[in-house]
Amino acid sequence: MDKNRIIVYVTLMIFVLALLFGNLGGITLTVLALAALLVILWAKRAYFYFVRANRIYSAKDRSRYPQAMAYYKKTLRAGISPKYTVLTATILIQEGEAEAGQAALEKLIRDRYITDEAIKGQAKSALSLIYYMKKDYEEAARLCEEVMKTKYRDNVLYINLCTYYLALDHLKSFRKVVEEFSSQRVTSPALLDLQVVYHMLSKDFPNAFAMEKALFEKVGRFTFADPYVHMAQLWIHYGKTDEALQMLRRAIEDVEFRPVTILSRDFVQTLIDRLEDEQARAQALADIDSDPLSIINGWLPQPARGRWIPAPEAELEEACKIEIAAPEEEILDDKEPETELTEEDEKWLEAHKDD
């Protein structure tokens with residue numbers, strides 16, 4: 001239970017006891033009631049800040065994001081439940097306000113009174129993003145590995161740990177994580193895309209192509225660049241430069257790039273520029289296809305040596321014939337922070353809709 005809720009309960013208890021046993025006069029009782037109301041409103045201010053921030057953030061109007069971030073910071077300073085602390089800190093980190101988010105998560109993780117395995121797991125997974133941004137992939141992976149030692153699992157944990165293992169070139173560990181989540185029903189676009197990466201790095205390009213193609217047919221548009229770039233890599237493997245460029249250009253158009261991202265807008269644009277340059281194109285194609293892991297990690301590939309030859313057309317034709325079961329209807333966009341309001345939030349928002 002968070003401290004503000006305790007304050008509310010204690011205030012209500014004191015007011016009720018005073019009302020029952022205090023033998024107070026009308027004026028005194030009114031003053032006490034007003035004082036109790038002010039204390040309760042003060043203790044609840046964090047939820048007011050959170051709902052205001054969430055309303056702005058959920059509207060997807062980036063011009064107002066600074067206002068939302070200011071409210072989210074006020075939320076953390078005022079103190080809110082562990083669940084909302086993790087959510088608020090995660091949003092701040094993903095939007096480039098790392099310092100405020102990091103401090104809140106570290107405090108929560110140290111709190112010995114918080115024993116909920118899920119909350120602690122989510123907090124460590126979110127905190128790992130800080131170290132990923134600093135390119136301390138070992139520490140980022142260590143935090144997620146601590147969570148993997150518990151029974152707690154979620155899509156974000158799998159995505160983050162896979163990302164760190166790929167950056168560390170720990171492909172055996174990466175494959176183990178993919179195989180674990182693949183043993184269950186997978187509906188997350190990010191996890192389905194990681195299955196494609198699994199096949200690409202295993203040089204199973206036909207299945208990788210068929211899976212990514214099926215994912216695009218089902219989802220259509222993504223909020224993160226990875227599927228577009230991976231599909232472009234697969235088109236390049238088969239020597240289809242125009243199709244690859246089309247995918248990369250779609251990434252620039254469709255994706256709302258954030259400070260915390262594997263594939264940045266600048267990186268995607270650099271790939272486009274190299275492929276559009278007729279003099280540099282042959283080398284760019286060879287580099288991209290010869291060093292797929294660098295591209296997956298958002299790094300420019302190492303120069304390829306020797307003559308590059310795309311995979312035969314017959315292989316692409318066979319890949320197009322592979323039938324992949326379409327993803328389930330319940331698609332989870334887990335690259336976005338979950339900002340859906342609870343019933344408690346909705347009640348607060350309704351009460352303050354005219355503020």
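Q: Why is Phe209 counted as buried?
A: Buried means under 20% relative accessible area, exposed means over 50%, and partly exposed lies in between (1.4 Å probe, protein chains only). Phe209 has 0% relative accessibility, so it counts as buried. Before we go on: this is a predicted model, in which local features need pLDDT of at least 70 and side-chain atom pairs count only at pLDDT 80 or more, while totals for chains, interfaces and linings use all residues. Residues are numbered from 1 along each chain as its sequence is written, and side-chain values use heavy atoms, with hydrogens and water left out.

Q: And what makes Tyr238 buried?
A: The relative accessibility of Tyr238 is 3%, so Tyr238 counts as buried too. Across the protein chain, buried residues make up 50% of the 355 residues.

Q: How many aromatic pairs does a search of the whole structure find?
A: The search finds 17 aromatic pairs. Rings of Phe, Tyr and Trp (its six-membered ring) pair if their centres lie within 6.5 Å; planes under 30 degrees apart count as stacked, over 60 as edge-to-face and the rest as tilted.

Q: Why is the pair of Phe209 and Tyr238 called edge-to-face?
A: The ring centres of Phe209 and Tyr238 are 5.9 Å apart and the planes stand at 85 degrees, so this pair is edge-to-face.

Q: How do you know that this pair links distant parts of the chain?
A: Phe209 sits in helix α12 (residues 205–219), while Tyr238 is in the loop between α13 (226–237) and α14 (241–254), and the two are 29 residues apart. Helices (H or I, at least four residues) and strands (E, at least two) are DSSP runs, numbered from the N terminus. By that count, the protein chain has 19 helices and 0 strands.

Q: What kind of aromatic pair do Phe216 and Tyr228 form?
A: Their centres are 5.4 Å apart with 75 degrees between the planes, which makes the pair edge-to-face. Phe216 belongs to helix α12 and Tyr228 to helix α13, so the pair ties together parts 12 residues apart in sequence. Both residues are buried.

Q: Which residues do ring pairs link into a cluster?
A: The cluster holds Tyr47, Phe50, Tyr57, Tyr65, Tyr72 and Tyr84.

Q: How do you know that Lys134 lies over the face of Tyr131?
A: A charge sits over a ring if NZ of Lys or CZ of Arg is within 6 Å of the ring centre and within 35 degrees of the ring normal. Lys134 lies over the face of Tyr131, at 5.6 Å from the ring centre.

Q: What makes α11 roughly parallel to α13?
A: The axes of helix α11 (residues 189–201) and α13 come within 10 Å and cross at roughly 30 degrees. Axes are lines fitted to C-alpha atoms, for helices over the stretch in contact, and angles run from 0 to 180 degrees between N-to-C directions. Angles under 35 degrees count as roughly parallel, over 145 as roughly antiparallel, 65 to 115 as roughly perpendicular and the rest as oblique. The angle therefore makes α11 roughly parallel to α13.

Q: Which residues of α11 and α13 meet?
A: Asp193, Val196, Val197 and Met200 in α11 meet Asp226, Pro227, His230, Gln233 and Leu234 in α13. Contact means heavy atoms within 4.5 Å.

Q: Why are α14 and α15 called roughly antiparallel?
A: The axes of α14 and helix α15 (residues 265–276) come within 10 Å and cross at roughly 150 degrees. The two helices are therefore roughly antiparallel to each other.

Q: Where does Asp254 lie, and why is it called buried?
A: Asp254 lies in helix α14. Its relative accessible area is 15%, so Asp254 is buried. Leaving aside neighbours within four places in sequence, Asp254 is in contact with Arg221, Phe222 and Tyr228.

Q: And what makes Ile119 buried?
A: Ile119, in helix α7 (residues 117–133), has a relative accessible area of 10%, so it is buried. Beyond its neighbours within four places in sequence, Ile119 is in contact with Pro82, Lys83, Val86, Leu108 and Ile114.
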